[in-house]
Amino acid sequence: MIYSKAPQQHPCLLFNKELMPYLDSLQWQRSLLIERIHNPNLEDVLILLEHPPVYTLGQGANLEFLKFDLDKSEYDVHRVERGGEVTYHCPGQLVGYPILNLQRYRQDLHWYLRQLEEVLIRVLAHYGLQGERVPGFTGVWLEGYKVAAIGIKVSRWVTMHGFSLNVCPDMTGFERIVPCGIADKAVGSLANWIPGIQCLEVRSCIAECFAEVFGVKLVKSQFYEDI
């Protein structure tokens, strides 16, 4: 009897970081992307971290979705090369930055966005929650509340930026923007359904679901922080 070989899993370096300033993570991502454009054989990367309070705007984002004067913002505001509108990052929100060479998977941006959504839907399912997609939008909703946002950039089929999952953040920062430019859909966090949940316990679940969905073998980097 002949058995077919299981699909080969691509290695993916996992960096688990605590709180990192947004611009530091952006510079890191850009460096990783450029390295992989020049050398497509380098391993894929998944970075998991949290940010101090910061607002970010996609490259084509509309400033009308800000409810404050840019010159008087309490927190930093950065326009970056990802797609999407304005969003808010802060402690208690887990952010994932996959640096993937899509030539190893599928050269299809819609497929990639749906895969990222699937990762987050599986994370919610782990906690007995039913995450949903909303037709015409990118992200994941839970009982009508958007709990996960996605914004990406792809160059030469190498990805950067990624997703954010509201675990237990201070949600007041969202009140000063129209999150993702969607005025009629509220934003929520997992803490609304699971009081006391913390990012620490969700990190490993995100990593496991990411590995399942993309069929990769996660390898803790030598700079991995086991927190």
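Colleague: Which strands each supply at least two residues of the lining of the largest cavity?

Modeller: Strand 8 (145–155) and strand 9 (158–166) do. Bear in mind that this is a predicted model. Strand 8 gives the most to that lining, with four residues.

Colleague: What makes this space a cavity?

Modeller: A 1.4 Å probe fits there but cannot get out, and therefore the space is called a cavity. The largest cavity has a volume of about 80 Å³. Twelve residues line the largest cavity, and the closest to its centre are Lys 146, Ala 149, Asn 166, Phe 174 and Val 187.

Colleague: How many cavities of 30 Å³ or more are there?

Modeller: The count comes to two.

Colleague: How do the residues of the lining of the largest cavity divide by class?

Modeller: Seven are nonpolar, four are polar and one is charged. Lys counts as charged, while Ala, Phe and Val count as nonpolar.

Colleague: Which strand gives the most to the lining of the largest pocket?

Modeller: Strand 8 does, with six residues. By class, the pocket lining has eleven nonpolar, eleven polar and five charged residues. Gly counts as polar here.

Colleague: Why is Leu 102 called buried?

Modeller: Its relative accessible area is 0%. Buried means under 20%, so Leu 102 qualifies. Leu 102 is in the loop between strand 6 (93–99) and helix 2 (109–126).

Colleague: Which residues does Leu 102 touch, not counting residues up to four places away in sequence?

Modeller: Leu 102 touches Gln 107, Leu 109, Trp 111, Tyr 112, Trp 157 and Thr 159. Contact means heavy atoms within 4.5 Å. For Val 219, the C-alpha to C-alpha distance from Leu 102 is 19 Å, and the two are 117 residues apart in sequence.

Colleague: Why does Trp 111 count as buried?

Modeller: Its relative accessible area is 16%. The cut-off is under 20%, so Trp 111 is buried too. Trp 111 is in helix 2.

Colleague: What does Trp 111 touch, not counting residues up to four places away in sequence?

Modeller: Trp 111 touches Leu 102, Tyr 105, Arg 106 and Phe 214. The C-alpha atoms of Trp 111 and Leu 100 are separated by 13 Å, with the two residues eleven apart along the chain.

Colleague: What is the order of the open sheet of three strands?

Modeller: The order is 4-3-5, with mixed pairing. Strand 4 (76–79) and strand 5 are the edge strands, as each pairs on one side only. Neighbouring strands of this sheet are turned by 25° against each other on average, direction ignored.

Colleague: How do you know that strand 3 and strand 4 pair?

Modeller: Four bridges join strand 3 (residues 54–57) to strand 4. Pairing needs at least two bridges, so these strands pair. They run parallel. In strand 4, Val 77 is the bridge partner of Tyr 55.

Colleague: What do strands of a sheet pair through?

Modeller: Strands of a sheet pair through backbone hydrogen bonds, either parallel or antiparallel.

Key
Residues are numbered from 1 along each chain as its sequence is written. This is a predicted model: local features need pLDDT of at least 70, side-chain atom pairs count only at pLDDT 80 or more; totals for chains, interfaces and linings use all residues. Side-chain values use heavy atoms; hydrogens and water are left out. Buried means under 20% relative accessible area, exposed over 50%, partly exposed in between (1.4 Å probe, protein chains only). On a 1 Å grid over the protein atoms alone, a cavity is a set of points where a 1.4 Å probe fits but cannot get out, and a pocket is an open set with protein on both sides within 12 Å along at least five of seven lines; lining residues have an atom within 4 Å of a point. Grid points are joined across faces, edges and corners, and a volume is the space filled by probe spheres set on the points. Axes are lines fitted to C-alpha atoms, for helices over the stretch in contact, and angles run from 0 to 180 degrees between N-to-C directions.
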